Amino acid sequence: MESALVGEGVKPNLGALQWSVRRLLEHEFFAIVRTGFGNELIISKQDTQVAEEPAEYNRPIVKKLTNRPFRNKAFSNQVHEAYDDTCAFTGLRLNNGAGLFEVEAAHIRAVEDNGPDSPRNGLALGQTIHWLFDKGVLSLEDDGKILKAGRLVPEKVNALLHTDGYARLPERAQLQPHKQFLRFHRENRFLG
């Protein structure tokens with residue numbers, strides 16, 4: 001029914017088949033609708049017209065200049081690799097099928113607190129866990145025990161955390177969180 005899909009002769013136009021959005025000729029659109037709805041729906045060109053003129057809206061353009069600390073992409077890559085793209089607190093390893101993972105490289109001592117882009121200052125955390133860690137609802141003991149700020153941890157999040165109460169950290173000592181960063185987080189961020 002779509003003439004754009006027909007290539008030479010009767011062979012399909014393989015390029016056009018891959019387009020997620022294609023233009024339809026008006027008569028082809030109405031033929032497709034009639035095929036799908038039969039006589040239940042009579043549609044005409046007049047039925048598809050908008051009754052009023054579109055409203056004008058001029059969205060203001062605002063220029064903003066911000067200063068923020070530089071975040072090194074190498075830090076993120078090193079943390080992802082050290083934790084095999086797996087959340088240290090939950091063990092979840094979710095990807096979109098195209099190689100992108102839900103886990104994020106979290107700074108233990110935050111960038112705004114002059115935390116370095118060192119893998120020893122990083123944890124691989126799922127997005128929700130990362131947010132809770134940054135807000136001080138979750139933290140870590142030096143031995144990897146997960147600390148929770150009491151009733152601030154939602155029950156559903158609690159159910160996601162490792163049942164033994166310990167984060168899964170890299171085996172190599174030079175990739176494990178450094179005690180000074182963990183101590184800083186507990187003393188300056190943790191709400192428990």
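Let me begin with a definition: helices (H or I, at least four residues) and strands (E, at least two) are DSSP runs, numbered from the N terminus. Keep that in mind, everyone, while we walk through this chain together.

A word on where the numbers come from. This is a predicted model, in which local features need pLDDT of at least 70 and side-chain atom pairs count only at pLDDT 80 or more, while totals for chains, interfaces and linings use all residues. Residues are numbered from 1 along each chain as its sequence is written, and side-chain values use heavy atoms, with hydrogens and water left out.

Now the overall plan. The chain has six helices and four strands. Reading from the N terminus, their order is α-α-α-β-β-α-β-β-α-α. Of the 192 residues, 31% are buried. Buried here means under 20% relative accessible area, exposed means over 50%, and partly exposed is in between, with a 1.4 Å probe and protein chains only.

What about the outside? The accessible surface comes to about 14100 Å², and 51% of that belongs to carbon and sulfur atoms. Such areas come from the Shrake-Rupley method with a 1.4 Å probe, and for residues only the protein chains shown count as cover.

Next, contacts, meaning heavy atoms within 4.5 Å. Among the contacts with a separation of 6 or more, 58% join residues 24 or more positions apart.

Let's go inside. A nonpolar core is a set of buried Ala, Val, Leu, Ile, Met, Phe, Trp, Tyr and Cys residues joined through side-chain atoms within 4.5 Å. Which residues have the most contacts inside the largest core? They are Phe89, Leu123, Leu125, Ile129, Leu138, Leu140 and Ile146, in a core of 26 residues. At least two residues of this core come from each of α3 (73-82), β1 (104-107), β2 (122-125), α4 (127-134), β3 (138-140) and α6 (179-188). In soluble globular proteins, nonpolar side chains tend to be buried together.

Find Ile146 on the picture. Leaving aside residues up to four places away in sequence, Ile146 touches Phe89, Leu138, Ser139, Leu140, Leu161, Gly165, Tyr166 and Ala167.

The buried residues of α2 are Glu28, Phe30 and Val33. After the helix comes Gly38, with a positive phi near 60°.

Phe29 also lies in α2, but Phe29 counts as partly exposed because its relative accessibility is 34%. Together with Met1, Leu24 and Ile32, Phe29 forms a nonpolar patch on the surface, with about 350 Å² of accessible area in total. Patches are made of residues with over 30% relative accessible area and no salt bridge; like charges are joined within 9 Å, and nonpolar side chains (Val, Leu, Ile, Met, Phe, Trp, Tyr) within 5 Å.

That brings us to salt bridges: a side-chain nitrogen of Lys or Arg within 4 Å of a carboxyl oxygen of Asp or Glu. How many does the structure hold? There are six.

One of them pairs Asp113 with Arg189, the closest N and O atoms being 2.9 Å apart. Asp113 lies in the loop between β1 and β2 and Arg189 in the segment after α6, so this pair ties together parts that are 76 residues apart in sequence.

Another joins Arg186 and Asp142, at 3.1 Å from N to O. Arg186 is in helix α6 and Asp142 in the loop between β3 and β4 (146-148), so here the parts tied together are 44 residues apart in sequence. Asp142 is partly exposed, at 33% relative accessibility.

There is also a network: salt bridges with shared partners join Asp84, Asp85 and Arg93. Within it, the side chains of Asp84 and Arg93 meet at 3.4 Å, N to O. Arg93 is partly exposed, with a relative accessible area of 40%.

Asp84 has one more thing to show us. Asp84 sits in the loop between α3 and β1, and its phi is positive, near 50°, in a residue other than glycine. Asn114 has a positive phi too, about 65°, although it is not a glycine. Asn114 is in the loop between β1 and β2, and it counts as exposed because its relative accessibility is 68%.
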